[in-house]
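Subject: Two-chain model for your review

Dear colleague,

I am passing on the structure we discussed, and below it you will find what came out of going through it. Please read the notes with the coordinates open beside them.

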Amino acid sequence: MNNKNIKAGITVFPGSNCDADVYRVLNAVFGVNASFIWHKDKIKDLKKYDFIVIPGGFSYGDYLRSGALAARSPIMELVKDYAVKGGITLGICNGFQILLEAGLLGGVMLANDSLKFECKDVYLKTLNTDTPFTCAVKKNSVLKMPIAHHDGNYFATGSIIGGLNKKNGIIFKYCDEKGQITAGSNPNGSLHNIAGISNETGNVMGLMPHPERSSEKILGSEDGGWIFKSMIKYVKEK
Amino acid sequence: MTKKAFIKVMLKEEVLDPQGKAVLSVLKSSGYNNVKDVRVGKYIEIDMEDGKSGSLENEAEEISEKVLSNPLIEEFSIEIK
């Protein structure tokens, strides 16, 4: 299967602002056939897509709570249906917040413990490489990607964390350059340094850092590309 | 009959409230040293009638729980007039 035969859908809400970055990376860097899906597009389902990306931004101006309004928009009903049937779904930053609010992932994002908008490169330890989003990554790899968020302080109840641990659902943790998971390398106060999690069936992942902003050498890191390479590999081998 | 539901949503006590902290620090630097803590919440007014889940009270409760608040971190109270 050629990459151009892989169809990817990128959801777009009022206030999404990483949609064009994801589009560029998928089409221009990886040669995938990616297209936008406007939140009001009149479509029946998403089954023609090999995977869906919910990009970052400030959907609906972060009104009410980050991701809360987008999570209840018509297109998310289709994403829920797609994800429940096993469709590969990646939410990045605000996309992660939307997946939490939609109930496709467990937990919630609080404001960063620094009380500041954090915009910088971070390091991520890959804890589970047996997922559609990390199958091309070497286990325990340390990936460098940027974060840019105000509400990225992941919090969940003990039972949600227990469920994540049981299914290896904690995919990425913030770490230092050497891969040590330390308090100092946690940029936002996230519980257990959590940066990325998946659902029970492993086909939905939320990731706070931005792989689409770190998939080209000119942007200072190509490590984010491993997420998209993994998804492409997974679709090809499926 | 249309009534108004007044809904207050607050972060739970144990959840960090950055807006409250920022307002607290401004009040203190403005000389209000008697201020000990500030919490900032949301206040929502809804004009509504009895709806699909029965009484207006029940529906306001449902809206507050499912949409207006996130039960993991927030709590709400409702007043109907």
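Two residues are taken to be in contact if their C-beta atoms, placed from the backbone, lie within 7 Å. Please keep in mind throughout that this is a predicted model. On that criterion, the contact between the chains takes ten residues from chain A and ten residues from chain B. The side of chain A that touches chain B divides into six nonpolar residues, one polar residue and three charged residues.

Turning to chain A, nine strands form an open sheet with mixed pairing, and their order across the sheet is S2-S1-S3-S4-S11-S10-S9-S6-S7. Strand S2 (33-38) and strand S7 (142-149) of chain A stand at the edges, and because each has a single partner strand, one side of each is left without a neighbour in the sheet. Direction ignored, neighbouring strands of this sheet are turned by 25° against each other on average. At the S7 end, strand S6 (residues 118-126) of chain A pairs with S7(A) in the antiparallel sense over eight bridges, and Val122(A) has Met145(A) in S7(A) as its bridge partner.

Helix H2 (residues 74-84) of chain A deserves a separate paragraph. Its buried residues are Ile75(A), Met76(A), Leu78(A), Val79(A), Tyr82(A) and Ala83(A). These residues cover an arc of only 155° around the axis, and therefore lie on the same side of H2(A). The face turned away from that buried side carries the exposed residues Pro74(A) and Glu77(A). What covers the buried residues of H2(A) includes several strands of chain A, namely strand S1 (7-12), S2, strand S3 (51-54), strand S4 (88-92) and strand S11 (204-207). After the helix comes Gly86(A), whose phi is positive, near 100°.

Chain B has two helices and three strands, which follow the pattern β-α-β-α-β when read along the sequence. How does the radius of gyration of chain B stand against that of a compact globule of 81 residues? Such a globule would have a value near 12 Å, whereas chain B has 16 Å. Taken along the principal axes, the C-alpha atoms of chain B fill a box of roughly 50 × 25 × 15 Å, and buried residues make up 11% of the 81 residues in this chain. Among the contacts in chain B with a separation of 6 or more, 60% are accounted for by residues 24 or more positions apart.

Methods: Residues numbered from 1 in each chain as written. Chains lettered and ligands numbered in written order. Predicted model: local features only at pLDDT ≥ 70, side-chain atom pairs only at ≥ 80, totals over all residues. Nonpolar A, V, L, I, M, F, W, Y, C, P; charged D, E, K, R; others polar. Pairing = 2+ DSSP bridges. Helix = DSSP H or I, 4+ residues; strand = E, 2+ residues; numbered from the N terminus. Axes fitted to C-alpha atoms, helices over the stretch in contact; angles between N-to-C directions. Buried ≥ 20, exposed ≤ 12 C-beta atoms within 10 Å, placed from the backbone. Arc of directions from axis to C-beta. Rg over C-alpha atoms; globule rule 2.2 N^0.38 Å.
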